[in-house]
Every structure is written in C-alpha cells, then in structure tokens.
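Please keep the sequence and the model in view while reading.

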Amino acid sequence: MSETLRRAMRKNLPLLTVQIFLAALNLTINQMNGGTTFWAIYPILGMAIPQVITIGQALLGEADVARDVSVNVNVKEHLYADQVRRYQEELEHRALLIESTTRSERLNVLAEQFGGWADKVEAMEEQVRLLKGDALVQNDLHTVTESLQTLQERILGESDAGVRHSLEQAATARRTQLAALEKLAATTRHAEAQLEATVASLGAIYTQAMTNLSTNHTADSRHLTAEVDERVRVLQDELAAIEEVRGGRTA
C-alpha cells in the first residue's frame with residue numbers, strides 16, 4: 001500500500017465508518033417501524049460519497065502507477081543485450097558473404113565474442129531491471145526516511161531516559177537500513193552507466209568490423225576488444241556488488 005493510499009484511508013475511514021454505522025442504524029430503525037423511515041438512509045449515503053471517491057482515486061492511482069512501471073520495465077527489458085545480439089547476428093551474416101577465408105574466420109571469432117558479451121550484459125541488465133522495478137525498495141527509501149525523521153523528533157521531545165535510549169536504538173537501526181538502501185541505489189546507477197559504456201564500446205568494435213580495415217586498423221580493433229573485456233569484468237564485479245548489497249538488505 002502506497003503512502004498516498006494510507007493517508008487517504010487514515011483521513012476518510014473514520015468518517016466513512018460512522019456513516020456506514022448510521023446507514024445500518026437507519027435500516028434497523030426502518031425495520032422496527034414497519035418501513036416508514038427508509039428515506040433517511042439516502043442523505044447518509046450521500047454524505048459518504050466524497051470519502052468513497054477520495055479512497056477510490058487513491059486506489060486507482062496506485063494501480064495506474066504500478067501498471068505504468070510494469071509496462072516501462074517490460075518494454076525496456078534486455079534492451080542492451082538485444083542490441084549486442086543484433087551486432088552478433090550481423091557479424092555472422094557478413095562472415096557468410098565474404099570470400100576471404102581469413103576475414104570470414106576473423107568475423108566469426110568476433111561474433112562468438114559478441115555472444116559471450118551479450119550473455120554477461122543480459123545478466124547485469126536483468127539485475128538492474130529487477131532492482132529498478134522493486135516496489136519494496138522504492139517504498140522503503142521513502143518510508144525509512146520519514147520514519148527516521150519522526151524518531152529524531154521524538155528523541156528531542158522525550159524526557160524519559162529509558163524511552164529516549166530505545167528511540168535512539170531504533171534511529172540507529174533506521175540509519176543502517178537507509179545507508180544500505182542508498183548504497184543499493186548508487187550501485188544500480190553505477191551498473192547502468194557501465195552498461196551504457198560497454199554497449200558503446202561494442203558498437204565501436206562492430207562499426208570497425210563492418211569497414212574494410214587495414215592491418216593498423218585491425219590492431220586498433222583488438223585494443224577495443226581488450227577494453228570491452230575489461231568493461232565486462234567490471235560489469236561482473238558490479239553484479240557481485242549488487243548481490244552482496246541485496247544480501248545485506250535481506251539480512
């Protein structure tokens with residue numbers, strides 16, 4: 001349940017409950033009097049309309065946000081990995097069309113490398129996608145910050161030493177939780193940047209492979225290949241870091 005929906009429920013539920021009670025009471029009196037006062041229930045139900053509308057809008061808004069996030073995540077799923085696989089497929093296709101055996105073999109080897117890179121990019125992309133779509137993480141970032149602020153205010157206004165000590169312990173726990181959440185968010189952003197850089201480097205390698213290269217250019221391509229291997233290694237380190245942070249958060 002989102003914070004918006006909780007606020008709507010807290011604000012409107014007490015009055016709505018009273019109105020439901022009055023409506024039920026009216027029905028009971030109506031039965032006891034032989035059905036002569038049934039008309040009185042309509043004003044009571046009419047008074048409840050604003051509360052029902054407010055809660056309904058909060059519910060529908062929450063559903064719309066969840067749907068939009070889900071659609072956005074699904075549309076962008078494996079966007080980077082799909083691009084790398086397209087590079088791979090085109091390299092394999094060009095290798096079949098080239099008469100030079102040496103050049104064809106070189107493209108096939110490069111296509112195989114692209115396949116391995118695509119697998120690693122997809123693994124990282126999946127982790128980033130899951131983290132960005134994790135409603136609990138996003139909700140925790142909001143609620144933990146609010147909870148910590150509330151605890152700090154209560155500590156300042158608490159005169160009992162024992163209660164204040166308990167509040168300080170709770171605040172410390174919340175700070176630890178918030179630090180873990182912020183670290184997870186920062187790690188995710190860093191992984192996204194690494195994905196962008198890796199796919200950009202792969203695009204540069206693909207572009208060079210699609211041109212008629214001299215020997216010197218081929219050496220440059222190999223340098224880019226080594227650079228991408230290093231970027232993929234960094235991606236794997238990021239993946240391990242995300243798993244470590246997620247494990248700490250779960251614990």
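## Basis of the model

The model is predicted, and local features need pLDDT of at least 70, side-chain atom pairs count only at pLDDT 80 or more, and totals for chains, interfaces and linings use all residues. Residues are numbered from 1 along each chain as its sequence is written, and side-chain values use heavy atoms, with hydrogens and water left out.

## Overall make-up

The protein contains 8 helices and 0 strands. Here helices (H or I, at least four residues) and strands (E, at least two) are DSSP runs, numbered from the N terminus. Read from the N terminus on, the order of elements is α-α-α-α-α-α-α-α.

Of the 251 residues, 31% count as buried. Buried means under 20% relative accessible area, exposed means over 50%, and partly exposed lies in between (1.4 Å probe, protein chains only). A contact means heavy atoms within 4.5 Å. Among contacts between residues at least 6 apart in sequence, 75% join residues at least 24 apart.

## Salt bridges

The structure has 4 salt bridges, each defined as a side-chain nitrogen of Lys or Arg within 4 Å of a carboxyl oxygen of Asp or Glu. One of them joins Asp119 to Arg85, with the closest N and O atoms 3.0 Å apart. Asp119 belongs to helix α5 (residues 101-132) and Arg85 to helix α4 (residues 79-97), so this pair ties together parts that are 34 residues apart in sequence. Arg85 also meets Glu122 in a salt bridge, at 2.6 Å from N to O. Because Glu122 lies in helix α5 and Arg85 in helix α4, this pair ties together parts 37 residues apart in sequence.

Glu126 and Arg129 are 3 residues apart in helix α5, so about one helical turn separates them. Glu126 is partly exposed, with a relative accessible area of 22%, whereas Arg129 is buried at 18%.

## Aromatic pairs

A pair of aromatic rings is described by the distance of the centres and the angle of the planes. Rings of Phe, Tyr and Trp (its six-membered ring) pair if their centres lie within 6.5 Å; planes under 30 degrees apart count as stacked, over 60 as edge-to-face and the rest as tilted. By this rule there are 3 aromatic pairs. The rings of Tyr87 and Tyr206 have centres 4.7 Å apart and planes at 25°, so they are stacked. Tyr87 lies in helix α4 and Tyr206 in helix α7 (residues 161-209), so the pair ties together parts that are 119 residues apart in sequence. Both residues are buried, Tyr87 at 15% relative accessibility and Tyr206 at 17%.

The rings of Phe114 and Trp117, with centres 5.2 Å apart and planes at 70°, form an edge-to-face pair. These two residues are 3 apart in helix α5, and about one helical turn lies between Phe114 and Trp117. Phe114 is buried with a relative accessible area of 0%, and Trp117 is buried with 4%. Ring pairs join Tyr87, Phe114, Trp117 and Tyr206 into a cluster.

## Packing of α4 and α7

Two packed helices are described by the angle between their axes and the distance between the axes. Helices α4 and α7 pack at an angle of about 15°, and their axes are 10 Å apart. This makes α4 roughly parallel to α7. Axes are lines fitted to C-alpha atoms, for helices over the stretch in contact, and angles run from 0 to 180 degrees between N-to-C directions. Angles under 35 degrees count as roughly parallel, over 145 as roughly antiparallel, 65 to 115 as roughly perpendicular and the rest as oblique.

The crossing of α4 and α7 is left-handed, a term used if the near helix is turned anticlockwise from the far one by less than a right angle, with clockwise being right-handed. Residues making the contact include Tyr80, Val84, Tyr87 and Leu91 of α4, and Leu195, Val199, Leu202 and Tyr206 of α7.
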